[in-house]
Amino acid sequence: MKPVVTIEPNWQLCSDCAVRASAVCSSLDAVELREFEHLGRRVHFSSGETVFSEEDITTSFYNLFEGVMRLYKLLPDGRRQIVGFALPGDFLGMNISGRHNFSADAIGAVTVCQFAKAPFGRFIEDRLHLLRRINELAIRELNQARDHMVLLGRRSADEKVAAFLLGWRERLVSLKGASDTVPLPMSRQDIADYLGLTIETVSRTFTKLERHGVIEIIHGGISLLDPAKVEALAAA
């Protein structure tokens, strides 16, 4: 199924953008923003649809406007390793090789601002402030990748799940504010594939943490009943 593409009036693309403060375009002034508006279009994807695939030639860049995406690589034996989850404001698609080095699927309904590679490249050439902003986002992505490598290391299932919950809550703060209620739009299988665990282990760990009064499993997520305990587990 092909995504439903809607090209909205240009003034709606950037001027009223809810995620502009955290997006790649946050460094642009009003004049640049008006020019930038003509480069992009909003594309809507239904749950489970592929935004781009690993090894495809990069023809576009994507700024996530609404929703959550799973980012993953397929291993030679067919297993899936989720390398991250994208949130509104994340900028995806830039790479050195000219091909996407992972795949991106929609978790629930997703809207992206899509920018064709060539005109976007011309736009950023003489704008050092925009290049610096892109570099900041790349460094943030690198730090997240390093944190993920540590998470996949020699840690127990309890420690991995606790670290994931705290890390995800921290990423949501800029979008939803601080809260001990943590929405989890991804499936238990997604979490397992991100943490290098089986779905059975993830489910048992959630149940164990709930039984011990550390979390409460609620519809669409969890509530942290004992944040200090979760932090202690994550720091172990």
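Guide: Happy to. One cut-off first: an angle of 65 to 115 degrees between two axes counts as roughly perpendicular. Please keep in mind that this is a predicted model.

Now to the pair itself. Helix α5 covers residues 157-176 and helix α6 covers residues 188-195. The two pack with their axes 11 Å apart, at an angle of about 110°. α5 and α6 are therefore roughly perpendicular to each other.

Which residues make the contact? On the α5 side they are K160, V161 and F164, and these meet I191, Y194 and L195 of α6. Sorted by class, this contact of α5 with α6 has five nonpolar residues and one charged residue, with no polar ones.

Stepping back, the pair sits in a chain whose secondary structure comes to eight helices and 10 strands. Its C-alpha trace spans about 55 × 40 × 35 Å along the principal axes. A compact globule of 236 residues would have a radius of gyration near 18 Å, and the chain's 19 Å agrees with that.

Of the 236 residues, 45% count as buried. Taking contacts between residues at least 6 apart in sequence, 71% join residues at least 24 apart.

How values were computed:
Residues numbered from 1 in each chain as written. Predicted model: local features only at pLDDT ≥ 70, side-chain atom pairs only at ≥ 80, totals over all residues. Heavy atoms only, no water. Axes fitted to C-alpha atoms, helices over the stretch in contact; angles between N-to-C directions. Helix = DSSP H or I, 4+ residues; strand = E, 2+ residues; numbered from the N terminus. Parallel < 35°, antiparallel > 145°, perpendicular 65-115°, else oblique. Contact = heavy atoms within 4.5 Å. Nonpolar A, V, L, I, M, F, W, Y, C, P; charged D, E, K, R; others polar. Rg over C-alpha atoms; globule rule 2.2 N^0.38 Å. Buried < 20%, exposed > 50% of the residue type's maximum accessible area, 1.4 Å probe, protein only.
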